[in-house]
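Please read this briefing alongside the sequence and the 3D view.

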Amino acid sequence: MTGIPKLCYFNGRGKMESIRWLLAAAGVEFQEEFLETREQFEKLLQDGALLFQQVPLVEIDGMKMVQTRAILSYLAAKYNLYGKDLKERALIDMYVEGTTDLMGLILMCPFLSSEEKEKQHTVIIQKATNRYFPVYEKVLKDHRQNFLVGNQFSWADVHLLEAILMVEEKNSSVLSEFPQLQAFKARISNIPTIKKFLEPGSQRKPVPDDKYVETVRRVLQMYF
Ligand SMILES: N[C@@H](CCC(=O)N[C@@H](CS)C(=O)NCC(=O)O)C(=O)O
């Protein structure tokens, strides 16, 4: 193992994308192995690399880490993106769980039929504008800081920006009623590490396409 974290997942967003975002935000270089075949996945299983027979897998600091949430909290703590005390950490956890729930609604989309996709699209916009975005809008308005928690850039900011951009891909005017979030988006997108990640050619992955869906289904033998 080198000192550089190694990410093992499909060549697409899925559950790994927030991990890529967090590493990029922290300015940490990482390498990636993309799962293209069933044989690659079976080799990982045989080697005992996947504790619960699932990816994402991240090799870091001599560990083979699985479980997205565990990986993200480890990275947030390691790279000082997890608040300055327990209470800030609790807030970050709450905000991140909210954005995780919102992103969860989007993550499943590529695997749905076109009819189901249309229904899901309505649910996403409705939940984003009525449940999730008003919370972050109010937080930013009330405490009048540049960041969601304290006055320091954290994992919660990275995760919220990722979620905003994902929802905007579904409806580009979704932030029209949220001035605080518009300003937040502009501010956070301008942080040099994030700016770099948002530029073409970075390790950020595009909107999932049919090829990605086909690869995931084949590698995981999803025959439904
Ligand atoms: N709780 C796990 C779930 C991971 C997960 O569902 N991974 C999928 C790919 S995105 C997988 O490996 N599925 C294979 C299986 O469950 O057999 C996490 O958050 O990391």
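Around the ligand lie G14, K15, Q53, Q54, V55, P56, Q67, T68 and L220, a residue being counted here if its C-beta atom, placed from the backbone, lies within 6 Å of the molecule. The model is predicted: local features need pLDDT of at least 70, side-chain atom pairs count only at pLDDT 80 or more, and totals for chains, interfaces and linings use all residues. Residues are numbered from 1 along each chain as its sequence is written.

**Ligand shell**
- The shell divides into 3 nonpolar, 5 polar and 1 charged residues, where Ala, Val, Leu, Ile, Met, Phe, Trp, Tyr, Cys and Pro count as nonpolar, Asp, Glu, Lys and Arg as charged, and the others, Gly among them, as polar.

**Helix α6**

**Nonpolar core**
- In the largest nonpolar core, of 55 residues, I19, L22, W155, A156 and L160 touch the most other members; such a core is a set of buried Ala, Val, Leu, Ile, Met, Phe, Trp, Tyr and Cys residues joined through C-beta atoms within 7 Å.
- Helix α6 gives the most to this core, with 9 residues.
- Domain 1 (6–79 + 198–219) and domain 2 (86–189) both give residues to the core, so it lies between them; the domain bounds come from an automatic or database domain assignment.
- W155 touches L22, L72, A76, L81, Y82, I92 and V96, not counting residues up to four places away in sequence.

Conventions
Buried ≥ 20, exposed ≤ 12 C-beta atoms within 10 Å, placed from the backbone. Helix = DSSP H or I, 4+ residues; strand = E, 2+ residues; numbered from the N terminus. Contact = placed C-beta atoms within 7 Å.
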